Amino acid sequence: MQRASYGLAQVVVRELKARRRLAGAGVTVLAGKGNNGGDGLFAAALLARRGMRTTAILAAADVHPEALAAFTAAGGRTFRLEPGNAEELAVMCAGADVVIDALLGTGARGGLRDDSAELVASLQELRPRLVVACDLPSGVDANTGEVHWPVLDADMTVTFGGIKAGLMTDPGEGCAGRIELVPIGIEEFLRAEGPEVRRMTALDLGSVLPKPGRRAHKYSRGVLGVVAGSPRFAGAAVLSVHAAALAGTGMVRYVGPESAAGLVLAPTPEALWESEDPGRVQAWLLGSGVDGEEQVDRARTAAAAALTADLPVVADAGALSLLPDRCPPHWILTPHAGELATLLGSLPSTGEVAVTRDDVESRPLHFVRQAARETGATVLLKGATTLVASPSGVVFSQSEGTAWMATAGSGDVLAGVLGALVAQSAEAVKEDDGAYARLGLNPEDRWAAVAAVAASVHGRAGVLASADFAGGPLTASAIMAAVPRVIGSLNAEYDRTRP
Ligand SMILES: NC(=O)C1=CN([C@@H]2O[C@H](COP(=O)(O)OP(=O)(O)OC[C@H]3O[C@@H](n4cnc5c(N)ncnc54)[C@H](O)[C@@H]3O)[C@@H](O)[C@H]2O)[C@@H](O)CC1
Ligand SMILES: Nc1ncnc2c1ncn2[C@@H]1O[C@H](COP(=O)(O)OP(=O)(O)O)[C@@H](O)[C@H]1O
Ligand SMILES: [K+]
């Protein structure tokens with residue numbers, strides 16, 4: 001507890017310093033009855049000793065006794081939260097330079113209740129200058145990321161020992177702000193246990209991203225067959241094919257109507273066009289913008305051919321209704337929340353119970369796992385945080401992107417990037433001593449890592465592209481154009497720092 005509260009106090013000092021509000025700063029801690037409240041009070045005691053004006057709102061009659069004693073001994077003021085005074089206390093808290101949310105921690109069952117709920121709801125409306133959550137925002141489930149409202153959105157969360165799964169999964173991650181990890185000596189133990197939810201780092205990405213060797217030729221680098229677009233959604237084909245070409249695949253073979261092919265080939269003359277059979281490919285991307293009988297038939301034919309030849313498939317949008325009864329793990333589905341709800345509704349096990357988009361958005365970790373388990377496929381669920389689940393339950397979470405990426409066509413770009421990576425990685429994934437094996441994953445879980453790489457590259461491309469416009473808005477085309485730079489810089493960073 002001492003290491004946790006010392007780490008929390010240090011971060012608060014640093015943040016106040018950065019905002020030039022350190023001298024005589026007002027600090028308010030909201031303290032619940034468990035250890036989380038204890039951490040908050042011990043941290044506030046340290047801040048009081050540094051000369052800050054510290055106030056604690058005690059949300060329970062029996063808060064951590066030693067922490068409370070330390071806090072009052074350091075000169076902190078206390079107020080008790082009681083029926084009827086929540087709003088008044090909220091107004092007082094909102095004037096502080098920083099509010100530390102230490103109401104509930106990892107031991108909480110359910111969310112804030114009664115007066116605490118009222119206090120937090122009022123504070124959420126008043127928006128204090130800076131909110132720092134102790135370990136996790138109170139009301140967020142540490143294991144699932146599910147949220148019991150109301151929650152006080154944090155500007156940053158100082159979390160102890162390890163980044164909880166609930167901080168890497170929406171909606172919890174969306175309440176946590178920037179996450180800062182404070183080591184408390186249990187890290188080795190957590191590593192040995194194996195993480196519940198993983199995140200690929202820049203170095204992980206650099207280690208697995210495909211790089212052509214000197215003897216490479218276009219066929220050895222992976223050929224991607226693409227059935228995308230339709231007369232109605234021609235742009236999806238244009239974007240996914242061009243994104244696949246930019247993400248480094250050896251060749252893209254586009255299969256579709258001549259009208260769409262004309263549009264596809266204009267910005268991507270590198271692609272080849274076939275109206276029906278594209279010849280040999282290493283992987284398929286099916287479904288982005290696929291609509292209408294003719295193009296759906298092409299996607300269905302390609303899906304059947306892929307299944308027979310045991311080739312990897314990225315199944316997006318229109319292909320999500322063309323899945324076999326049981327997919328292999330090298331079929332990667334890329335639904336957004338609405339599409340995942342529809343997909344789950346079509347499965348025999350859930351057929352009777354309607355799953356809505358809201359359900360998926362409230363419990364994405366639960367539903368992405370369920371979809372992977374029941375389809376047998378690897379499932380990538382798109383969103384501000386993108387989750388990827390393997391059928392055995394390994395989950396990756398990537399959230400490198402920016403909200404500017406919530407724009408039409410952004411998902412088609414992701415599909416193209418993923419298709420390109422799958423076509424290039426099909427061999428590397430199988431190797432016993434290759435880069436994917438070194439991530440410590442079983443062969444069937446490695447496709448989830450490939451998908452996580454694509455999500456990360458896509459997110460990073462969005463951030464890089466937006467930076468080109470001083471942090472301004474994005475088009476899908478702008479995200480796509482930044483993909484080679486992201487891959488280039490990840491490779492360069494890996495070469496610079498690898499062991
Ligand atoms: N190894 C560890 O576990 C460490 C834990 N630490 C801190 O300890 C916290 C976990 O401590 P606790 O297990 O005491 O958990 P909490 O601080 O979440 O408190 C749980 C207590 O609150 C009550 N409670 C549960 N749900 C409630 C609800 N919805 N509304 C009101 N009261 C509720 C319970 O009866 C219990 O007494 C972490 O978040 C972290 O801050 C740190 O000190 C570092 C080490
Ligand atoms: N708020 C957000 N923050 C970051 N990325 C987002 C956000 N919303 C959506 N995205 C990303 O943008 C893409 C949207 O894909 P999708 O919903 O399929 O759109 P479209 O079909 O129009 O291309 C996904 O990769 C998703 O992860
Ligand atoms: K908390």
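Me: Which residues come nearest to ligand 2?

Reply: This is a predicted model. In it, 17 residues lie around ligand 2, and Ala384, Gly401, Ala406, Ser410 and Gly411 come nearest.

Me: Which helix gives the most to the shell around ligand 2?

Reply: Helix H15, residues 410-430. It gives four residues to that shell.

Me: How does the shell around ligand 2 divide into nonpolar, polar and charged?

Reply: Six are nonpolar, nine polar and two charged.

Me: Why is glycine 411 called buried?

Reply: The cut-off is 20 or more other C-beta atoms within 10 Å. Glycine 411 has 25, so it is buried. Its place is in helix H15.

Me: What does glycine 411 touch, leaving out residues up to four places away in sequence?

Reply: His336 and Lys382. A contact needs C-beta atoms within 7 Å, and these two pairs count as touching.

Me: Why is glycine 383 called buried?

Reply: Glycine 383 has 22 other C-beta atoms within 10 Å, so it is buried. Its place is in the loop between strand S14 (378-381) and strand S15 (386-389). Leaving out residues up to four places away in sequence, glycine 383 touches Asp170, His336, Ala337 and Pro364. His336 is also touched by glycine 411.

Me: Which residues does UniProt list for "binding site"?

Reply: The unreviewed entry lists Lys382, Gly383, Ala384, Thr385, Thr386 and Gly411. They are spread over 30 residues of sequence, yet they cluster in space, with a largest C-alpha distance of 13.4 Å. The annotation may be inferred rather than shown by experiment.

Me: And ligand 1: which residues come nearest?

Reply: Gly34, Asn35, Asn36, Gly105 and Gly107, out of 23 around ligand 1. Helix H2, residues 35-49, supplies the largest share of the shell, four residues. The shell divides into eight nonpolar, 10 polar and five charged.

Me: What are the confidence scores?

Reply: The chain averages a pLDDT of 95, on a scale from 0 to 100. Of the residues, 99% score at least 70. The model scores ipTM 0.87 and pTM 0.95.

Definitions and conventions:
Residues are numbered from 1 along each chain as its sequence is written. Chains are lettered from A and ligands numbered from 1 in the order in which they are written. This is a predicted model: local features need pLDDT of at least 70, side-chain atom pairs count only at pLDDT 80 or more; totals for chains, interfaces and linings use all residues. A residue is near a molecule or strand if its C-beta atom, placed from the backbone, lies within 6 Å of it. Helices (H or I, at least four residues) and strands (E, at least two) are DSSP runs, numbered from the N terminus. Ala, Val, Leu, Ile, Met, Phe, Trp, Tyr, Cys and Pro count as nonpolar, Asp, Glu, Lys and Arg as charged, and the others, Gly among them, as polar. A residue is buried if 20 or more other C-beta atoms lie within 10 Å of its own, exposed if 12 or fewer, and partly exposed in between; C-beta atoms are placed from the backbone. pLDDT is the predictor's confidence in each residue, from 0 to 100.
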